[in-house]
Amino acid sequence: MAYKFRKQIFGFMDLLRFKKMVPARRQKLAEGSDKPLPKSYAVNRTAKILHPGKQTAVLVEIIEETADTKTFVFSAERPFYFRAGQYITVGCRIGASFASRPYAISSSPEAALGGRFSVTIKKCGFFSGYMCDSAAVGDSFTVGEPSGEFCREPLKDAPHIVAVAGGSGITPFYSMAQSLKDGTEEGTLTILYGANRESEIIFKDALDNLSCDKVKVVYVLSEEDKEGYEHGFISADIIKKYAQGDFTLMICGPQALYKYADTEYKKLGLEARRIKKEAQCVGTRDAAPAKYKLTVHIGFEKFVVEADSRETLLVAMERAGLEVPAKCRAGGCGFCHSRLISGKFSIAGADKRRLADKKFGYIHPCCTYPDSDMEIDVPRG
């Protein structure tokens, strides 16, 4: 319906009102405060905390947890928020290469709001070995923003979480325990923590101090039989002993634990939605040694590097000193997705690419092995 203009009986009244408009505006401006506008607004500050992006963090403390495990405490440029159970990437230049790895955050989300966070690293592999052997207080690192879905989702998961941890897989659950005790998150948590020997238990004293009505910790030793500890492996029977009713089962640890869980925990009769496993980084594959040429386009630049059939494309680019996007290193997040121009490849495990990635010819270098010479277009890191 068209708007009908209402014609005034005395049209000159409109002219009088228009004439008074400029003086009226000047009066309002004069009545206004001369206080300078704020340089930042709460909504913008909150957005930066929720989406901090890449930033620099300085290593401020190193804590030796066990013979082969250390906790690294960092001070970040700015505060950020994460959900207990999420991971963060830590990277730096090592020789000619820029390398990074994802690590579960072992500190409480509350500490990160003050700009401090911790990751706990077991010495194994290239980057973790560098951290444990060479990293020193005062060193600077590039850290990504918190990522991952290995955390309790109130709309999907049960209020009670049963955590099965093996070795350094305790780190996300240690963060969850802290967040429950300090009130950052809600729910209850039962941790079943497996280790070979008592001396290999990480955070033993801290976990004992966190025990309360919301947090219960049970230790399971496979190679020692001691009073106060369960003995053997974290079986379905042990889970039934300490967990009744509705619960979500969350699992984090070495590959051997995952293989054991795939068969043993079927006895619990849990729905698939009630079982969560933390993704593991893709490693080397068992294949015949072969060398291929990998052509990499990054923006307007072109690089030709050597790729090993046993290593992922991401590792090949890192070895060549290229700084490329990397996050989960398990093929799930899609952060590193790159356009395939030519070449044959294999994917580690299940193909986790989005349907659109498959349709338009994108791959995830973090979980892709070369089977021929390849050419890819990679976004800037």
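The largest cavity in this predicted model is lined by A84, R152, I161, M176, S179, L180, E185, E186, T188 and L189. Sorted by class, that lining comes out as five nonpolar, two polar and three charged residues. The space inside the largest cavity is about 80 Å³, and the count of cavities of 30 Å³ or more comes to one. Two elements, helix 5 (171–181) and strand 8 (188–195), each put at least two residues into the lining of the largest cavity. Helix 5 is the top contributor, with three residues.

Next up is helix 4, which covers residues 126–134. Buried residues here are F127, S128, G129, M131 and C132. What do the buried residues of helix 4 pack against? They pack against a whole set of strands: strand 2 (69–76), strand 3 (87–94), strand 4 (97–104), strand 5 (116–122) and strand 6 (140–143). As background, an α-helix has 3.6 residues a turn, so residues three or four places apart point the same way.

Then there are the aromatic rings. A pair of them is described by the distance of the centres and the angle of the planes. The model has 12 aromatic pairs. In one of them, the ring centres of F74 and F117 sit 5.2 Å apart with the planes at 15°; planes under 30 degrees apart count as stacked, so this pair is stacked. The pair ties together distant parts of the chain, since F74 belongs to strand 2 and F117 to strand 5, 43 residues apart.

F233 and Y260 make another pair: their ring centres are 6.0 Å apart and their planes stand at 45°, so the pair is tilted. Distant parts of the chain are linked here as well, with F233 in the loop between strand 10 (230–231) and helix 7 (236–242), and Y260 in helix 8 (residues 255–264), 27 residues apart. F233 has 57% relative accessibility, so it counts as exposed. Y260, with a relative accessible area of 28%, is partly exposed.

K327 lies over the face of F335, at 4.5 Å from the ring centre.

Note on methods. Residues are numbered from 1 along each chain as its sequence is written. This is a predicted model: local features need pLDDT of at least 70, side-chain atom pairs count only at pLDDT 80 or more; totals for chains, interfaces and linings use all residues. Side-chain values use heavy atoms; hydrogens and water are left out. On a 1 Å grid over the protein atoms alone, a cavity is a set of points where a 1.4 Å probe fits but cannot get out, and a pocket is an open set with protein on both sides within 12 Å along at least five of seven lines; lining residues have an atom within 4 Å of a point. Grid points are joined across faces, edges and corners, and a volume is the space filled by probe spheres set on the points. Helices (H or I, at least four residues) and strands (E, at least two) are DSSP runs, numbered from the N terminus. Ala, Val, Leu, Ile, Met, Phe, Trp, Tyr, Cys and Pro count as nonpolar, Asp, Glu, Lys and Arg as charged, and the others, Gly among them, as polar. Buried means under 20% relative accessible area, exposed over 50%, partly exposed in between (1.4 Å probe, protein chains only). Contact means heavy atoms within 4.5 Å. Rings of Phe, Tyr and Trp (its six-membered ring) pair if their centres lie within 6.5 Å; planes under 30 degrees apart count as stacked, over 60 as edge-to-face and the rest as tilted. A charge sits over a ring if NZ of Lys or CZ of Arg is within 6 Å of the ring centre and within 35 degrees of the ring normal.
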